[in-house]
Amino acid sequence: MIGFLVQIEEWIKAKSIREKILLFCLCFVLFAMLPLWGFLERAEYSLYYQKTQSKELQNYLSGLKREFLKVAEENNVYALEETIANLEQTLSTQEKQKLLLQTNSSVIAQLNLLSQEFALEQFVLAQDQQIFLEGSGTFKNVFGFLLRIESFFKALKITDFWIYPNARNLDFAMQMELLDFKEEF
């Protein structure tokens, strides 16, 4: 090894000053490039690794999308959403009907109480699509009952009304639709 270094030394001594400076610059650049070359190699490997990982993740994501679409088609998610919406609408309709029935039964009970309060005789109450009232009482009691119904219920649509006198009382019959219910306290 020492013989090799001696030969290099003699070779360098044989060169001119200009060649020695160029040789020094070349050696400096080569030694400076070694760490940079290692850094570039690591950067290239990192870039390749990132691209590979990105491609794998894209493949995995597309696989998940295909699985989701497959599950959605198998379970027919859109039909289930439509069924749920229909069931919710049916439930809402049933809740409204339930509230109407509760309100109507409360109205019937209140009308019976009012008829007893005004001492109406032969009071008949029937309910189908509309409420039908029929009764008999004194002039004061019948009109008191009618005024109380009017003030007791917020919106009352009387579709038919008959009143006629008999020997000692007034007989009346009325057919009405209850649009809104309001209690007074």
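Is Glu9 buried, exposed or partly exposed? In this predicted model, local features require pLDDT of at least 70 and side-chain atom pairs count only at pLDDT 80 or more, whereas totals for chains, interfaces and linings use all residues. Residues are numbered from 1 along each chain as its sequence is written, and side-chain values use heavy atoms, with hydrogens and water left out.

Glu9 is partly exposed, with a relative accessible area of 43%; here buried means under 20% relative accessible area, exposed over 50%, and partly exposed in between (1.4 Å probe, protein chains only). The side chain of Glu9 forms a salt bridge with that of Lys13, at 3.6 Å from N to O. A salt bridge is defined as a side-chain nitrogen of Lys or Arg within 4 Å of a carboxyl oxygen of Asp or Glu. Side chains of opposite charge can pair when their charged atoms come close. Lys13 and Glu9 are 4 residues apart in helix α1 (residues 2-13), and therefore about one helical turn separates them. An α-helix has 3.6 residues a turn, so residues three or four places apart point the same way. Lys13 is exposed, at 59% relative accessible area. The search of the whole structure finds 1 salt bridge.

The chain contains 4 helices and 4 strands, arranged along the sequence in the pattern α-α-α-β-β-α-β-β. Helices (H or I, at least four residues) and strands (E, at least two) are DSSP runs, numbered from the N terminus. Of the 185 residues in the chain, 18% are buried.

Helix α2 (residues 17-75) has 59 residues, which should span 87 Å at 1.5 Å a residue; the C-alpha atoms at its ends are 86 Å apart, in agreement with this value. The expected span of a helix is 1.5 Å times one less than its number of residues. At Leu34, α2 bends by about 30°, and Pro35 follows within four residues. The bend at a residue is the angle between axes fitted to the seven residues ending there and the seven starting there. Just after α2, Asn76 has a positive phi of about 50°.

Phe24 lies in α2 and is exposed, at 59% relative accessibility. Together with Phe28, Val29, Met33, Leu36, Phe39 and Leu40, Phe24 makes a nonpolar surface patch of about 750 Å². Patches are made of residues with over 30% relative accessible area and no salt bridge; like charges are joined within 9 Å, and nonpolar side chains (Val, Leu, Ile, Met, Phe, Trp, Tyr) within 5 Å. Accessible areas come from the Shrake-Rupley method with a 1.4 Å probe, and for residues only the protein chains shown count as cover.

A disulfide is a pair of cysteine sulfur atoms within 2.5 Å, and the count by this rule is 0. The cysteine sulfur closest to that of Cys25 belongs to Cys27 and lies 9.5 Å away, too far for a bond. Cys25 is partly exposed, at 39% relative accessible area, and Cys27 is likewise partly exposed, at 33% relative accessibility.

Helix α4 (residues 139-152) has 14 residues and reaches 20 Å from its first C-alpha to its last, close to the 20 Å expected. Its buried residues are Asn141, Val142, Gly144, Phe145, Leu146, Ile149 and Phe152. The C-alpha atom of Val142 is 7.3 Å from that of Leu170, although 28 residues separate the two along the chain. Leu170 lies in strand β4 (residues 170-180) and is buried, with a relative accessible area of 14%.
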